[in-house]
Amino acid sequence: MVETNDQNLPLGLLDLIPNGIVVVRGDYSILYWNSCMFEWTGITPEEARGTSLIERYPALKEQSVFARISQLFEGGPAVLFSSSFHPHLVPCSFPDGSLRVEKISFIPLVHTRERYALVLIEDVTDLTNQVKAYRGMKKIAEDQLDDLKKAQDAIYLANKKLNLLNSITRHDIMNKLTVLIGFIELSRETEIKDPILEKYLDGELEAAGAISTQIQFTRFYQDIGVKAAVWQEVSETIRLIETTLDLRGVSLTIDLSYLEIFADPLLQRVFYNLVENSLRHGEHLDKIRLSFYEDERGLIIIYEDNGVGVPYEVKEKIFKREFFKNTGFGLFLSSEILAITNISIRENGVPGEGARFEIIVPQGKYRFSEPKAGKPEVI
Amino acid sequence: MKNIDEQTIDAIREIVNIGVGRAAGQLHEMTGSHIRLRIPSINIVPFTEITEPGNSLISGDVLSAVLLDFRGSFSGISAVVFPSESAAALVMLLTGEKEKTPELDAMRIEALKEVGNIIINAVMGSIANVLSENLTYSLPVYYEGPIGNLAGLRRRVIQDDSVLLARTNFLIETLNIEGDILLLLEIGSIDHLIESITRVSAR
């Protein structure tokens, strides 16, 4: 409530305020009408003065509105009318004739024991438009999110069905394959010793073995991308390899402290395959080391060993599925697992000096949980 | 801490009940739903107990409140407090909007302020009328946050160590929207309030 003891209400200053301001007496006759109101309504202060506010704006006479305003003249607190419920209680327009959206406050004002109401009309048109635009954008985003969720659910369901179909088919093929291999073995044990027939049987057995390997491969491959990618601490992931793989005395140095990368949950399989390849093909190796550096491509994880290395002619082929006869499907799988989150891998070691793999993690797909400096860990 | 006898507490409860009853009537008119009111609880509590973080006065991390300070022969704060979800649901109901995840944006806060203004004015108007007291009021303010912070912000208004806290919980049935009407009276004002109540009762 505003109280003043001045002889005259100091109303002239209110002309400077960029909001509509009207002062009314207890009988709702207008005592003061500021220049902003003149600008918004075209009604001059002289025209307004002495006339009744509620007669001029009949919406103020509606019972639900009038009952609240009248409380103010009975000693009650200020009365607020929000733009959501009363956007044009005292219609004020723009020069083009469109109506302003308003928020109106009736504030009690006491002067020489007489009660008045100071009516403050705020133009909230811009705010309203902004809020409505924001709500519109929010709705679009929510709808898109819904569509995305539905698509995700559909993909998940389709993937689940495909995996189930894969599992059943694989299981059936493996059963038949076992039967086939059994019959071939039995055929080889018969007394018929025809060298040509034996050669055919060896060929059949080899082909059956290859089919078996390929079928086994599908079991690993179907899991890639099934679960959402997550942030994983790389050294922690590599450390787990030791629990499943015999390093045969080879030292494993991990200089990747606190490095986390955003990758498929099968990331561990990538490092497992690299270490297993080193142990299987490295011949005389006794050291494996992991480190990293950053450049314009992002962060590069270096995996290197001191084995025989990879010959130049197969450096690219080792990541192809067709190369499985030599390396198994490990490196192909590794490259596919990494590709889920746009991480790539290549081999660029010097043959004879050891293998050297570069895992290129793009910006935004790596982070550090603690400061980069860290003591290398040696297993 | 000041001791107030049970009879006085009952008298205060009755006065508060009249105000809250009228506020419930206004809420009923706005929502068209039955409003279930609990009997007001009246307690004298140290103000610090209300401002304590995590106090159990009203649970919920985020509350939406409309407050009004009043001064006169008795002084204090009147507030209507909603859990944020209830506040958003109430505004959505009254504006007729539909949204999957309603949030209290600037426009809805203004709408809620108007709803709070109607409720608080009904409470204070009736109390002042019944007691024939002239009070002066601040402009209503909106606040969002835990109850402890809310009360803490009004520390300059409440100058006594203890306050009389009248709390009435209400539920807008069928819509499951709940809220509280709070009245915090400076303990120094209690004597004036009691005098007013006694005077009115004697008529």
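How many residues does the contact take from chain B and from chain A?

## The interface in outline

The contact takes 28 residues from chain A and 26 residues from chain B, where contact means heavy atoms within 4.5 Å. This is a predicted model, in which local features need pLDDT of at least 70 and side-chain atom pairs count only at pLDDT 80 or more, while totals for chains, interfaces and linings use all residues. Residues are numbered from 1 along each chain as its sequence is written, chains are lettered from A and ligands numbered from 1 in the order written, and side-chain values use heavy atoms, without hydrogens and water.

About 2500 Å² is buried between the two chains, with carbon and sulfur atoms giving 53%; buried area is the accessible area (1.4 Å probe) lost on putting two parts together, summed over both. In chain B, the residues that lose the most area to chain A are B:Met107, B:Glu114 and B:Tyr137, together 28% of what that side buries.

Five salt bridges cross the interface, each a side-chain nitrogen of Lys or Arg within 4 Å of a carboxyl oxygen of Asp or Glu. One of them joins A:Arg68 and B:Glu114 (2.9 Å, N to O).

## What chain B brings

On the side of chain B that touches chain A, helix H3 (84-95), helix H4 (106-131) and strand S5 (136-137) each give two or more residues; helices (H or I, at least four residues) and strands (E, at least two) are DSSP runs, numbered from the N terminus. H4(B) gives the most, with eleven residues.
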